[in-house]
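Subject: Structure for your review

Dear colleague,

I am passing on the structure below, and I would be grateful if you could read the notes that follow with the model open beside them.

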Amino acid sequence: MNRPDIDEYFLKVAAVVAERSTCHRHHVGAVAVRAKHILATGYNGAPSGLKDCLELGCLRDELGIGSGTRHEICRGIHAEQNVIIQGSLHGVSLEGSTIYATHTPCNLCAKMLANAKIKRYVSFGRYNDKAFKELFQEAGIELDLKKRPPLKITCLD
């Protein structure tokens, strides 16, 4: 049995978090980690307690709006936004942390992550918005794009 390295491990956790997504287009998960400990998780979906796209349908699909554009039309909150919000709700600073996510961020999320003072972003998927790269470079956020980890869970029973 091959033990996953730490990046693969937390990317797998992000993939499991993404399973909670209520978006019809992308299931995105994010995990904030510092010193190999999970600080917060987030996935994309409607604000807590409100109707989501699984119940209401996707307005972006109905209007023919392409991925990576016109984010204000969507009722969902991105996984990176939710990981920051969850940290805040529970009094946990994400400063100096690494975000493991199933997709690269949109530019708006990248700005929020820069203000949260994260130091590293690790992902295996690419979102249809590349504007974040220049912002990350300017903010000193290390970007690490990995291969998709095997999503099989291996354990000895």
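K36 is found in the loop between β1 and β2, and in this model, which is predicted, its phi is near 65°, a positive value in a residue other than glycine. K36 has a relative accessible area of 62%, and because the cut-off for exposed is over 50%, K36 counts as exposed. A35 lies in the loop between β1 (29-34) and β2 (37-43) as well, and its phi, near 55°, is likewise a positive value in a residue other than glycine. With a relative accessible area of 64%, A35 is exposed.

For α4 and α5, the packing angle is about 25° and the axes are 9 Å apart. Since angles under 35 degrees count as roughly parallel, α4 and α5 are therefore roughly parallel to each other, and their crossing is left-handed. On the α4 side the contact is made by E80, Q81 and I84, and on the α5 side by L108, C109, M112 and L113. By class, the residues of this contact of α4 with α5 divide into five nonpolar, one polar and one charged.

For helix α5 (residues 107-115) and helix α6 (residues 132-139), the packing angle is about 10°, again with the axes 9 Å apart. That angle makes α5 roughly parallel to α6, while the crossing in which α5 passes α6 is right-handed. The residues of α5 that take part are N107, A110, K111, L113 and A114, and they meet F132, L135, F136 and A139 in α6. This contact of α5 with α6 has seven nonpolar residues, one polar residue and one charged residue.

Helix α5 belongs to both pairs, and L113 is named in its contact with α4 as well as in its contact with α6. How are the buried residues of α5 arranged when the helix is seen down its axis? The buried residues in α5 are C109, A110 and L113, and seen down the axis they fall within an arc of 105°, so they line one face of the helix. An α-helix has 3.6 residues a turn, so residues three or four places apart point the same way. The elements against which the buried residues of α5 pack are α4 (79-89), β3 (98-101), β4 (120-123) and α6.

Q81, whose place is in helix α4, counts as buried at 12% relative accessibility, and, leaving aside its neighbours within four places in sequence, Q81 is in contact with L108, C109 and M112. N82, also found in helix α4, counts as buried at 15% relative accessibility. The contacts of N82, again leaving aside neighbours within four places in sequence, are with T41, G42, Y43, G45 and I77.

V83 lies in helix α4 too. Is V83 buried or exposed? At 0% relative accessibility, V83 counts as buried. Not counting residues up to four places away in sequence, V83 touches A30, V31, A32, A40, T41, G42, L94 and I99. One of these, V31, is 52 residues from V83 in sequence, yet the two are 6.7 Å apart in space, C-alpha to C-alpha.

H78 has 18% relative accessibility, and because the cut-off for buried is under 20%, H78 counts as buried. H78 and C106 are 28 residues apart in sequence, and their C-alpha atoms are 8.8 Å apart in space.

How values were computed. Residues are numbered from 1 along each chain as its sequence is written. This is a predicted model: local features need pLDDT of at least 70, side-chain atom pairs count only at pLDDT 80 or more; totals for chains, interfaces and linings use all residues. Side-chain values use heavy atoms; hydrogens and water are left out. Axes are lines fitted to C-alpha atoms, for helices over the stretch in contact, and angles run from 0 to 180 degrees between N-to-C directions. Helices (H or I, at least four residues) and strands (E, at least two) are DSSP runs, numbered from the N terminus. Angles under 35 degrees count as roughly parallel, over 145 as roughly antiparallel, 65 to 115 as roughly perpendicular and the rest as oblique. A crossing is left-handed if the near helix is turned anticlockwise from the far one by less than a right angle, and right-handed if clockwise. Contact means heavy atoms within 4.5 Å. Ala, Val, Leu, Ile, Met, Phe, Trp, Tyr, Cys and Pro count as nonpolar, Asp, Glu, Lys and Arg as charged, and the others, Gly among them, as polar. Buried means under 20% relative accessible area, exposed over 50%, partly exposed in between (1.4 Å probe, protein chains only). The arc is that of the directions from the helix axis to the C-beta atoms.
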